[in-house]
Amino acid sequence: MEDEEKADAVLVSVMDAVPPARTCCSWCHLRCLAATSIICGCSCLGIVALVFAIKAEERRKAGRLEEAKRWAARAQKFILASFTIWLSVLILGPLLLWLLSYAIAQAE
């Protein structure tokens, strides 16, 4: 019986020793990505992402982790949208200009 109790105590101590799972993105990294999305992406979405990232960091410092995760997820969505829109403009802009010049050349 004592062996089982010792085994349970060891198991509980091992479970307590496991570090908590990391969030999907560190807080400083999230803020830097948001600032980068202002410069290298669609700036209006990048500003919204930066505001959400700062709110997430404030909630984390206040100890409200669930709210912080929610704000961080919103920031990540806006960062991704900012980069996606900017890359689509960079790719589709020249493609549409080429298509327009091709259509004009075919019309002549």
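Rings of Phe, Tyr and Trp (its six-membered ring) pair if their centres lie within 6.5 Å; planes under 30 degrees apart count as stacked, over 60 as edge-to-face and the rest as tilted. The model is predicted, so local features need pLDDT of at least 70, side-chain atom pairs count only at pLDDT 80 or more, and totals for chains, interfaces and linings use all residues. Residues are numbered from 1 along each chain as its sequence is written, and side-chain values use heavy atoms, without hydrogens and water.

**Exercise 1.** Classify the ring pair of phenylalanine 52 and tryptophan 71.

*Solution.* 
- Step 1: take the distance, 5.1 Å centre to centre.
- Step 2: take the angle, 50° between the planes. The pair is tilted.
- Step 3: Phenylalanine 52 lies in helix α3 and tryptophan 71 in helix α4, so the pair ties together parts 19 residues apart in sequence. (Helices are DSSP runs of H or I, at least four residues, numbered from the N terminus.)

**Exercise 2.** Classify the pair of phenylalanine 52 and phenylalanine 78, then find how accessible each residue is.

*Solution.* 
- Step 1: the centres are 5.5 Å apart and the planes 65°, an edge-to-face pair.
- Step 2: recall the cut-offs. Buried means under 20% relative accessible area, exposed over 50%, partly exposed in between (1.4 Å probe, protein chains only).
- Step 3: apply them. Phenylalanine 52, at 15%, counts as buried. Phenylalanine 78, at 28%, is partly exposed.

**Exercise 3.** Name the cluster that ring pairs build.

*Solution.* 
- Step 1: the structure holds 3 aromatic pairs.
- Step 2: ring pairs link Phe52, Trp71 and Phe78 into a cluster.

Methods. Helix = DSSP H or I, 4+ residues; strand = E, 2+ residues; numbered from the N terminus.
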